[in-house]
Amino acid sequence: MVYVWAIVVFVGVLAGLSILLTVAERLLVDYGVCQVDINAGEKVLEVEGGQTLLNSLNSEKVFIPSACGGKVSCGFCKVTVLSGGGAILPTERAFVTRKEARAGVRLACQVKVREDMQIRIPEDLLNVKMFSATVKSALTLTHDIKEIRMALVEPAEISHRPGQYVQVQAPSSEGPVFRAYSVASPVYEPNVVDLVIRIIPGGIASTYLHSVAEGDPMIFTGPYGEFRLNEDPETEVICVGGGAGMAPMRNIIYSIYDRWPDRSCWLFFGCRTTVDIFYLKEYQELAAKHPNFHVVYALSDPLGPDEKWDGETGFIHLSVDKHLDPGVKRQAFLCGPPPMIDAVMGVLEAKGLRERDIFYDKF
Amino acid sequence: MSETSAWVILIAAIFTNNILLSNFLGMCSFLACSKQIATALGLGAAVIFVMTGTTILNYWIYHGLLVPLKIDHLQFIVFIAVIAAFVQFVEMFIERFSPPLYYALGIFLPLITVNCAILGASLFMVIRKYSFVQSVGFGLGAGLGWALAIVLIAGLQRKMLYSNVPWPFRGVAITMIITGLMAMAFMGFAGMVNIQ
């Protein structure tokens, strides 16, 4: 008898506790449907409470950039929460400055929707869509850089500005992750998106993208990014890139010469050795057609015994310094490793460029 | 059943028989969450609540079901189930009403489940044959004692930030030392009351 009682009591206690917890869960964790008001009534979403703001927005097709997928390691998913987000959490402090925190900036992956909220996001993000595409071609550019051309399937067209980026979905052992890559194809080719991808040893997305073949399906969201080309044809455009930082430059340059055939534009591209050079021939052909397009590639490493190079040598900021006269109305786009960006910024500011005319992307 | 009044047990559980400083139960979350006074207060409050609640529940279950049915050999597994469910409830409660505290406590909140001080309080209640009122006093007192100790240590840790601690002692080492000193200080209460 005692055995029966033992089992009955134990099961009874567990059942009682489970019932209590389920009731508590209903009362405490169920937040019902909450309203999320984006940009003062521009878009009002009704979402199930209890999830993170990032997931709620994504499921309603408002795509906030996020590279880490909510693990608080990228800090991309900043939104301004005007009301209803609660206090800022210790986990967000690493990415949100004091000034931003005062303005209500939060990481969308850390804010839980518990009540009606009012948030503000950049206007551009409301135009971000999720695209499905297939790989049209995968081209090896150098020993570590590949060009992937994706043909869009649904939606069939993308409308982006030169220099913007997309977030490509890559499979990983912990579910899909998104990584940002600049669009390398010009804006007048809305049916395709080219990516220039440098392989990073152990990198989830770059390893995956280097392994895709023609016909493989791809998913990405976009376009994102603050790069904004000056529409005034008198403004000279300076593009400075290194490595995979070529991608946005290619988009900017081809888009410029499609619209303004005589606009002045410089491309400075930094490589280590001759094996890192790519797209040079294409640009030389473009420069032959458009005399105001100047292309400068520079090698930073000393030449090997069997390498041939008749162009510039040294770090790229030295070439920028050498070729540009001060005092011309300019806009600059920089994309590459942080030390390169910092050095080039210094040179450009000395040439009289204002900070707001310099767009950069450090990676 | 001992004749000591519940008040005396409560006071004794806080000072003379502090569950942390005299029995050294519940050390891991004590060492981990004693850096900031606010966090220590939050965790302390959670432990007070869980300890009082589980002692009461476990008293009912033990004396209402296990002893009459002669199945008191199930006490560990039943006590642990009750504690786990209770902590789950506290976790939901804190997440709803104080997200910053929820994130500050992090993994240490669910880990209250296996805080040995909590199970310890329920087992002392059984071993010392407390009545219901005494059990409530003991559970509350043990929780208050644990919370008091962690808050005091958090206060000392703050002072430690501005002190010149020799480097081999920095971090956990000096925390252990001040915990020991604190335990010795609490021994000063020893003669007042005794609950064994």
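Some conventions first. Residues are numbered from 1 along each chain as its sequence is written, and chains are lettered from A, with ligands numbered from 1, in the order in which they are written. Since this is a predicted model, local features need pLDDT of at least 70 and side-chain atom pairs count only at pLDDT 80 or more, while totals for chains, interfaces and linings use all residues.

On confidence, the model has an ipTM of 0.77 and a pTM of 0.64. For chain B the average pLDDT is 87, and 97% of the residues reach at least 70. That score is the predictor's confidence in each residue, from 0 to 100.

Now chain A. It has 8 helices and 17 strands. Helices here are DSSP runs of H or I with at least four residues, strands are runs of E with at least two, and both are numbered from the N terminus. Of its 363 residues, 36% are buried. Buried means that 20 or more other C-beta atoms lie within 10 Å of the residue's own; exposed means 12 or fewer, partly exposed is in between, and the C-beta atoms are placed from the backbone. If we take the contacts in chain A with a separation of 6 or more, 68% are between residues 24 or more positions apart. A contact is a pair of residues whose C-beta atoms, placed from the backbone, lie within 7 Å.

A few backbone details in chain A deserve a mention. Most residues other than glycine have a negative phi, and most peptide bonds are trans. Where are the cis peptide bonds described here? One joins Glu154(A) and Pro155(A), with omega at about -15 degrees. Pro155(A) sits in the loop between strand 7 (145-154) and strand 8 (165-170) of chain A. Another joins Gly222(A) and Pro223(A), with omega at about -5 degrees, and Pro223(A) belongs to strand 11 (residues 217-224) of chain A.

As for positive phi, Asn39(A) has a value of about 50 degrees although it is not a glycine. Asn39(A) lies in the loop between strand 1 (33-38) and strand 2 (43-48) of chain A. Tyr279(A), also a residue other than glycine, has a positive phi near 65 degrees. Tyr279(A) lies in the loop between strand 13 (265-271) and helix 6 (280-289) of chain A. Are these residues buried or partly exposed? Asn39(A) is partly exposed because it has 16 other C-beta atoms within 10 Å. Tyr279(A) has 22 C-beta neighbours inside 10 Å, so it counts as buried.

Next, where the chains meet. The contact takes 19 residues from chain A and 21 residues from chain B. On the chain B side, helix 3 (37-66), helix 4 (75-97) and helix 5 (99-105) each supply at least two residues. Which of the helices gives the most? Helix 4 of chain B does, with 10 residues. By class, the chain B side has 18 nonpolar, 1 polar and 2 charged residues. Nonpolar covers Ala, Val, Leu, Ile, Met, Phe, Trp, Tyr, Cys and Pro; charged covers Asp, Glu, Lys and Arg; the others, Gly among them, are polar.

One residue on the chain A side is Phe10(A), in helix 1 (residues 2-28) of chain A. Leaving aside residues up to four places away in sequence, Phe10(A) touches Leu74(B), Ile77(B) and Val78(B). Phe10(A) is partly exposed, as 17 other C-beta atoms lie within 10 Å.

Last, helix packing in chain B. Helix 6 and helix 7 (residues 132-161) of chain B pack at about 150 degrees, with axes 10 Å apart. The axes are lines fitted to C-alpha atoms, over the stretch in contact for helices, and angles run from 0 to 180 degrees between N-to-C directions. That angle is why helix 6 and helix 7 of chain B are roughly antiparallel. Angles over 145 degrees count as roughly antiparallel, under 35 as roughly parallel, 65 to 115 as roughly perpendicular, and the rest as oblique. Their contact has 7 nonpolar, 2 polar and no charged residues.

Terms used: Contact = placed C-beta atoms within 7 Å.
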